[in-house]
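Trainee: I would like to learn how to read the features of a protein model, one at a time. Could you take me through some of them?

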Amino acid sequence: MAAYAAAVSLKNTIRCILQSSRISLVPPFPQILHLAYEAMCRLQKVLLKLDDTGYNKIRTKVNALDEQIKVAIWEFEDLLESHFTHQILPQLERDHSSFSLDLQNLRESVDNFIERVAVMEEDYDIELLNMPEEESEPISSRIDFCGINSKMAGSCNCYKFTKDNILAEDQGICFSVIGMAGVGKTTLAKKLFDDPSIQTHFELRAWVKVGRKCESNETLKCILAQLDPNTRHQMLTQGEDDEDFEKLVGVLEERLKDKKCLIVMDDVWEWDRRLMDRFPKENVRVLLTSRLRMEGFPFLRMCKLDEKESKKLLGEKLFGEHGFPPHLEKLGEKIVKKCEGLPLLIVTVAELLSKEDMTTQYWTEVAEKQHNTVFMDAYDQISEVLYPSYEYLHQHLKMFFLYLGAYPPYIDIHKTEFEHQMIAEGFLEPIREHTIQEYIKNCLAILFDWYNLILHEGNLNSWFSQHKLCVHSCWQHVCKKEASKTKFLHVLKSCDEVMKDQRRLCVHRNTLFSFKEVYDSIKSDCASTARSLLCFGPYHNYPVPIHAMDFKLLKVLNAYSIRFYHIPLEILKLVCLKYLTITCDKELPNLISNLFHLQTLIIRRHNNIKRCGILSYMPVEVWGMQELQHLEVIGRDLPTPNFNATLEKLCCLCSVSVKSCTREILKRIPNLMILGILMELKPYDDGDASPLSGLDNISEELLNLGKLVYSVSNPEMKYECMVPLSMFSSSLFMLELSGLGCPWKHMNDIGSLLPNLRDLKLEHYAFRGPKWDIEYGCFKKLETLVIEDTDLVQWKALHGSLPMLRLLSIRHCYKLKQLDWMRDPSTATKTTIELVECSPLVAGSVWRLKKSLFKVLWYSSFL
């Protein structure tokens, strides 16, 4: 439902205008804008009522009205921001530091808009009250499980774990198997239902296909029709209201007396507390499958198949138990990889492939071409199964999830980039007291934990857990289709696509911008109202002309994968822009300060060649960009301001040198939480110059600093240097050091200064020497420690150190021979030790540690 996101977006647009320190509104328009803002607040409350309706409600009419409301809001937002842009741009040309905005001629438009929304709001409320319900399936079809295949591919551990829980006497009444649609939950449940040991243990068994509509009475009738042959015909033929609930419960209790019973409730959408509480707990076990997580009892999250299991399933479906013929095996592996372990997709692809000629040429096209007909047809077929998971999402999650569909398939989404884009997009609004960052993390957690719609890995520091954030390709297909239909976002794939009135554009092949047909289509169809341009194609060495398409109201421009010879003047006129990432070697122009709404600015270099003695600074005008929150300009430094200015909202400053860490600069960014320093030692530098000089101001000026990254590129290990302890703020909870070449003894001194440190990364000879003994009481709150590429020979954690450590990851430490850890057996934390490309000698010392305290993961390419 796009209306809710549209209402939030308009609220944020109004708030941005009203709260801008550089805009003064001519009275009485602030009050008039407040009326539109309050109208959106009222509308939101009405739209949120949809979340309280049941999964069995038909939403066709409500969806149609939602579309009308969305269009009305977008039209007004376009009108408001167009007036804003047309008045601001001429004032920018006169070099104004503050702007006057007169919107008197919009007064009638505001009044009409508020009246129009009020009418549609009332209609929406009426439609909610009159939503029809889906018709119930007949009981005979709800209890018919004969067509379900109980032959599973993989998931042996899932099966054993579920079976053990069902048979355990000391467990609760219910156990659930959850996971995304198509992952094989029903197949697992059917295999358990047919298992001979299950049949022996449970004298009675019943299977109920619940779905989005199945009332308590219907469920009871489904169960009784299978448990009591004498009542089967009666239960199958009775109407919905022929028996009251209590009478049916009485019949069930009588039938279950002194008999063990297994009840499988398949595809459950809502937890029926009224029914579950009436099952006899002493002799009934309920196995529940659901694409949603149900609160209140244990569950198993069903995993997708790995590549070996996937290959076996596809091979058996196509060629029987012998699997792929030799000439198709490699191509089959590529096709399987594109299925990403989802059994439903694998089976559907197999059915489609079986109808075609089994030629190498045809299979090569399926394996290599991203948008081939087999996968597109398979996605379309399974979309019917997947779509309800999106349709019944809560309002605040719908557009959030659709946005994830913008990304290319088979890649991990960079979480920080995604977070900053979502903030800039403006269609999110924190609930309760959360910050916007906390809210985004919470939305991701809900989509993973409760709805099983995304893969969201927890510990990104683990070498064995590489995924950041991703969406299955079949879900991306659904998201792209729905987003394009609602005009929320369109993924451009070819030169001849219609993009009329699309709100956001995304491109997976940046070279499409080189075609005149694409340029003309974008300019005429949507450039004047588009809010986002997302260039997610592979990086190209030569520029493509994305700047000449007449965008006016753009808020997000992600062109990180496109090279610019210089920053185009057209971009510097995008006064609504809040997020900008590009690649450009030229210096930033002074006019960058025109983008006074900008929150995120990331500019990387194509070449890293620098002239001797030439320093690269951002223009001093950057100090006037009061909305900046994230600034990453590799190879450039913040200049010392020549006037009394601060960047109060700047919380992340990355890839600057020590020259940006003077007292005069740091005290102007007092709320900085993340600081990334890149020290480049050049061939012409004095050999005894310390890479750690000039950092004493950090701990004194940055009292809120939470994460510090200090990296020395091209490190010179001629001399031993000492870490200046004054650079480390006691507030730090994340520390990453690289290339310093300091002795290990200084690491303990750092640890004693940082009582809140949780994550520590030491890479590329950050410290050197053969031995690191971690002393008693060091790193009391440390949870993650990564050591990579050092000359360490012996690592030893003395008794009382690292009590909270959950992950120790040691990588590419080829000289390491001994790892000792004197750990208190009473500690509650079990630590994972990762050894990646290390000597077999250290692996031997690790295996001797107590297995009850440690989990060991080892990878080596040379054994």
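Predicted model: local features only at pLDDT ≥ 70, side-chain atom pairs only at ≥ 80, totals over all residues.

Trainee: How many aromatic pairs does the structure hold?

Mentor: Rings of Phe, Tyr and Trp (its six-membered ring) pair if their centres lie within 6.5 Å, and planes under 30 degrees apart count as stacked, over 60 as edge-to-face and the rest as tilted. The structure holds 28 such pairs. In one of them, the ring centres of Trp 269 and Tyr 392 are 6.0 Å apart and the planes stand at 70°, so this pair is edge-to-face. The pair links distant parts of the chain, 123 residues apart, since Trp 269 is in the loop between β5 (261-268) and α12 (273-276) and Tyr 392 is in the loop between α17 (373-391) and α18 (395-404). Here helices (H or I, at least four residues) and strands (E, at least two) are DSSP runs, numbered from the N terminus.

Trainee: Is Trp 269 buried or exposed?

Mentor: Buried means under 20% relative accessible area, exposed over 50%, and partly exposed in between (1.4 Å probe, protein chains only). Trp 269 counts as buried at 4%, and Tyr 392 counts as buried at 7%.

For a stacked pair, look at Trp 744 and Phe 767, whose centres are 5.5 Å apart with 25° between the planes. Trp 744 lies in the loop between β21 (742-743) and α25 (745-753) and Phe 767 in strand β23 (residues 767-768), so the pair ties together parts that are 23 residues apart in sequence. Both Trp 744 and Phe 767 are buried.

Trainee: Which residues do ring pairs link into a cluster?

Mentor: The cluster is made of Phe 400, Tyr 403, Tyr 407, Phe 418, Phe 427, Phe 488 and Phe 536.

Trainee: What lies over the face of Tyr 159?

Mentor: A charge sits over a ring if NZ of Lys or CZ of Arg is within 6 Å of the ring centre and within 35 degrees of the ring normal. Lys 191 lies over the face of Tyr 159, at 4.6 Å from the ring centre, and Lys 398 lies over the face of Tyr 390, at 4.1 Å.

Trainee: How should I read strand β15?

Mentor: In a regular strand the side chains alternate between the two faces of the sheet. From β15, Thr 600, Ile 602 and Arg 604 point one way and Leu 601 and Ile 603 the other way. In this strand (residues 600-604), 5 of the 5 residues are buried, so β15 is largely enclosed by the rest of the structure.

Two strands pair if DSSP finds at least two bridges between them. Strand β14 (residues 579-584) pairs with β15 in the parallel sense over 5 bridges, and Tyr 579 stands opposite Thr 600. Strand β16 (residues 630-633) is joined to β15 by 4 bridges, and they run parallel; Leu 631 in β16 is the bridge partner of Leu 601.

Trainee: What covers the buried residues of helix α13?

Mentor: The buried residues of α13 are Ser 310, Leu 313, Leu 314, Gly 315 and Leu 318, and what covers them includes α14 (326-339), α15 (343-354) and α16 (360-368). Asp 306 caps the N-terminal end of α13, with a side-chain oxygen 3.2 Å from the backbone nitrogen of Lys 308. Just after the helix, Gly 320 takes a positive phi of about 85°.

Trainee: Which residues does Ser 9 touch?

Mentor: Contact means heavy atoms within 4.5 Å. Not counting residues up to four places away in sequence, Ser 9 touches Glu 77, Gly 426, Phe 427 and Lys 555. Ser 9 is found in helix α1 (residues 2-19) and is buried, with a relative accessible area of 8%.

A polar contact is a pair of N or O atoms within 3.5 Å; within protein, one must be able to donate a hydrogen and the other to accept it, and residues adjacent in sequence count only if both atoms are side-chain atoms. The side chains of Ser 9 and Glu 77 make a polar contact at 2.9 Å.

Key: Residues numbered from 1 in each chain as written. Heavy atoms only, no water.
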